[in-house]
Amino acid sequence: MLEIRWHGRGGQGAVTAAEILATAVIKENRYAQAFAAFGPERRGAPVLAFTRISDSEILLRSQIYEPDVIVVLDKNLCTMEGVGDGLKGRGTVVLNTSHPPANFVDTFPQAGKIATVNATKIALETLGSPITNTAILGALVKVTGIVKIDTLDDIFKERFKIYADKNVNMARRAYKEVTIMERGV
Amino acid sequence: MKCEKVPLKGWRELPEGGTITEPGSSVLFDASAWRTSKPIIDQNKCTKCGLCWIFCPEGAIKVNPDGRYEVEFMYCKGCGICDKACAVRAIRMEEEEK
Amino acid sequence: MKKIGLSGNYAVAHAVKMADVDVVAAYPITPQTTIVEKLSEFVANGELDADYINVESEHSAMSACIGASMTGARVFTATSSQGLAFMHEVLFIAAALRTPMVMANVNRALSAPLNIWNDHADAMAERDSGWIQLWVSSAQEAYDTTLMAFKMTEETRLPVMVNLDGYILSHTYEPVELIEEETVRKYIPSKPLVNRLSPKTSFSVGVVGPPEYYFEMKYQAIDAIERSRSTISKITTEFNRSFERSYDDIGTYGMDDAEYALLTMGSMTGSARVVAEEWRRKGIKAGVISIRTFRPFPVEIFRQKVSGLKGLGVMDRSSTPGGPSNPLFCDVATCLYGLKERPVLQGFVSGLGGRDISLENFRTMFKATMDAADTKSPKPCMYVGLRE
């Protein structure tokens with residue numbers, strides 16, 4: 001079982017990203033669950049979403065307390081308390097930031113792998129708005145290999161219709177541009 | 001015409017869902033015991049204008065084939081509206097004999 | 001068949017579309033769910049040929065459904081929490097008038113404080129309305145059960161409520177295997193029901209039932225839901241056979257030889273099973289029972305399933321303030337009262353207002369159930385996860 005926690009702000013598409021990843025896993029004939037910690041949805045407010053992935057049927061329906069992977073769609077969220085809570089030892093962190101991974105070692109001391117990508121820049125240049133979720137998905141797929149990048153393309157086409165190509169390009173660019181740092185902990 | 005007392009049906013015989021499946025079931029309802037007084041139409045004064053027929057809330061005024069207006073006492077509750085409505089004072093309310 | 005990723009809400013919407021409903025009447029604003037949002041999309045796109053009636057309240061939604069059902073249409077609505085509560089008086093009318101319809105109820109807490117998250121208070125408050133109440137534990141089960149519900153409602157002429165846990169099922173994406181639309185159409189052919197409101201027939205509905213009649217009329221509805229047990233079982237068995245599923249009025253895990261078990265409803269079932277598996281690895285014979293058909297309560301089957309059990313932990317996700325216990329516990333205790341051999345019951349309330357029931361909470365409840373059984377002295381209802 002692989003458990004992922006997504007941190008975003010309302011409007012960035014963290015919930016959608018969690019769903020897209022689960023849908024891609026299911027398309028590859030494995031099992032996944034995507035859900036969010038729903039609250040009063042407001043643009044800009046911090047948002048939590050979760051994806052649970054497994055090779056066998058997932059029975060568990062509680063929240064995720066000890067994620068294997070933490071994805072942060074907005075580096076400013078790193079200053080908030082609790083962003084690294086519960087990360088498993090040698091866990092993975094994927095961040096949207098212009099800074100290198102080494103800058104985040106103090107925030108995620110237990111991380112075995114920290115990856116950064118400037119998803120905001122990619123989103124603004126490709127889409128024209130700072131919706132960073134599909135770019136960060138590309139980076140996440142590169143870092144973890146959870147699904148094939150081609151599968152993501154398929155899901156974007158089903159889900160975004162006329163915006164599919166832009167999202168495909170964003171994910172693929174982030175897939176290439178992500179910087180990964182492995183750490184011995 | 002006198003309404004016969006219908007025996008109450010058990011739950012298996014009653015129509016499903018608390019419904020009435022036949023039209024006009026209210027004609028079986030005998031209201032004659034409700035009256036304290038009853039309308040008497042003076043056929044000599046009656047001009048056959050039909051006001052009593054229009055105003056009767058129970059539809060208890062009927063028109064005979066020969067054109068005369070009469071009260072169907074099974075349905076008349078003795079409210080006296082026909083008496084008030086009659087333009088020529090051809091209807092008077094008479095106390096019901098007990 | 002290929003699985004796709006769908007939320008519980010969308011799984012229900014797909015089932016309703018495939019069932020080719022004629023009328024959907026729903027209030028579109030909070031606490032409404034994406035079930036009817038998706039259905040209105042299907043109607044607008046021409047994928048579903050139905051009258052979609054946007055009404056101004058849930059009270060009107062249910063009233064419109066009754067009227068539509070009276071004309072012989074296949075009818076669906078969906079609601080949640082306060083919306084269901086607002087339907088309250090009309091729910092009893094739908095059941096007593098014997099109007100077939102299916103409603104998805106996304107289980108959420110009732111105010112106050114205002115809360116949009118999961119618990120079972122909404123449905124439990126409508127327990128006595130005369131509706132058939134089905135409860136599901138996954139998006140797949142929500143889809144399958146909604147399909148079965150149309151068959152059940154049309155055969156029993158009792159309205160059917162399909163309950164799925166708010167967010168935990170309604171908004172969670174997971175694998176769902178959709179049946180081919182053509183196959184579904186064959187399974188529940190769109191045959192018009194009797195149009196009771198046809199101008200060609202004379203028919204009075206919503207009549208006064210004075211004391212000489214009310215009791216008999218009410219008893220008809222009581223008798224109908226009693227008799228619906230066999231219809232529900234028959235339809236479930238047929239569905240299992242046709243579509244390779246394994247649903248039962250009561251879901252079980254490990255109950256062949258279990259000594260201790262948790263009784264759950266809805267989405268709690270999966271996590272309870274994870275913990276039961278944990279205990280089994282430790283050599284303890286643990287099991288899980290989940291009630292799929294809450295109304296009519298499967299009394300006989302339930303008694304069979306718990307025979308031989310030492311301890312049963314009953315998990316309520318709602319409460320009956322001031323009552324002798326909570327809704328599910330009361331039913332269970334009543335079922336077992338007459339039996340000589342019965343398990344020790346330990347009651348729990350947890351997960352109110354969307355409070356997560358963690359694996360640790362489930363472990364606590366299993367442990368408390370074992371302790372209650374072994375010492376034969378259960379504690380008063382335990383509120384698990386409550387901060388002191």
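This is a predicted model: local features need pLDDT of at least 70, side-chain atom pairs count only at pLDDT 80 or more; totals for chains, interfaces and linings use all residues.
Which elements of chain C cover the buried residues of helix 2 of chain C?

Figure 1. Helix 2 of chain C spans residues 34-44, and its buried residues are Ile35(C), Val36(C), Lys38(C) and Leu39(C). These residues lie on the same side of helix 2 of chain C because they cover an arc of only 155° around the axis. Their cover includes helix 1 (8-18), strand 2 (23-26), strand 3 (51-54), strand 4 (75-80) and strand 5 (102-107) of chain C. Just after helix 2 of chain C comes Gly46(C), whose phi is positive, at about 80°.

**Figure 2. Ala149(C) in helix 6 of chain C.** Helix 6 of chain C, residues 139-156, contains Ala149(C). Is Ala149(C) buried or exposed? Ala149(C) counts as buried because it has 29 C-beta neighbours inside 10 Å, where the cut-off for a buried residue is 20 or more. When neighbours within four places in sequence are left aside, the contacts of Ala149(C) are Val102(C), Leu134(C), Val160(C) and Val162(C). A further pairing across the sequence is that of Ala149(C) with Ile235(C): the two are 86 residues apart along the chain, and their C-alpha atoms are separated by 9.0 Å.

**Figure 3. The contact between the two domains of chain C.** The domain assignment divides chain C into domain 1 (3-243) and domain 2 (250-384). The centres of domain 1 and domain 2 of chain C, taken over C-alpha atoms, are 28 Å apart. Domain 1 of chain C brings 27 residues to the contact, and domain 2 of chain C brings 20 residues. On the side of domain 1 that touches domain 2 of chain C, two or more residues come from each of helix 5 (121-124), strand 6 (132-135), strand 7 (160-165) and helix 8 of chain C. Helix 8 of chain C gives the most to this side, with 5 residues. By class, the side of domain 1 of chain C that touches domain 2 of chain C comprises 14 nonpolar, 8 polar and 5 charged residues.

**Figure 4. The contact between chain A and chain C.** Of the 2 pairs of chains in contact, chains A and C share the most contacts. The contact joins 17 residues of chain A to 19 residues of chain C. Helix 1 (14-27) and strand 2 (31-37) of chain A each supply at least two residues of the side of chain A that faces this contact. Strand 2 of chain A accounts for the largest share of that side, 6 residues. The side of chain A that touches chain C has 11 nonpolar, 4 polar and 2 charged residues.

**Figure 5. The contact between chain C and chain B.** This contact draws 14 residues from chain C and 12 residues from chain B. Which element of chain C gives the most to the side that touches chain B? Helix 8 of chain C (residues 211-243) does, with 5 residues. The residues on the side of chain C that touches chain B fall into 7 nonpolar, 4 polar and 3 charged. Chain A and chain B, by comparison, are joined by no contact, and their closest C-alpha atoms are 41 Å apart.

**Figure 6. The fold of chain B.** Chain B has 2 helices and 4 strands, and from the N terminus on its elements follow the order β-α-β-β-α-β. The radius of gyration of chain B is 17 Å, whereas a compact globule of 98 residues would have one near 13 Å. Its C-alpha atoms fill a box of roughly 55 × 30 × 20 Å along the principal axes. Buried residues form 16% of the 98 residues in chain B. Among contacts in chain B with a separation of 6 or more, 68% are between residues 24 or more positions apart. The average pLDDT of chain B is 90, and 94% of the residues score at least 70. Among the elements of chain B, helix 1 (residues 51-55) has the highest mean pLDDT (97) and strand 4 (residues 91-95) the lowest (95).

**Figure 7. The fold of chain C.** Chain C has 12 helices and 15 strands. The radius of gyration of chain C, 21 Å, agrees with the value near 21 Å for a compact globule of 388 residues. The C-alpha atoms of chain C fill a box of roughly 70 × 55 × 45 Å along the principal axes. In chain C, buried residues make up 52% of the 388 residues.

Conventions:
Residues are numbered from 1 along each chain as its sequence is written. Chains are lettered from A and ligands numbered from 1 in the order in which they are written. The radius of gyration is taken over C-alpha atoms; the globule rule is 2.2 Å times the number of residues to the power 0.38. A residue is buried if 20 or more other C-beta atoms lie within 10 Å of its own, exposed if 12 or fewer, and partly exposed in between; C-beta atoms are placed from the backbone. Two residues are in contact if their C-beta atoms, placed from the backbone, lie within 7 Å. Ala, Val, Leu, Ile, Met, Phe, Trp, Tyr, Cys and Pro count as nonpolar, Asp, Glu, Lys and Arg as charged, and the others, Gly among them, as polar. The arc is that of the directions from the helix axis to the C-beta atoms. pLDDT is the predictor's confidence in each residue, from 0 to 100. Domain bounds come from an automatic or database domain assignment.
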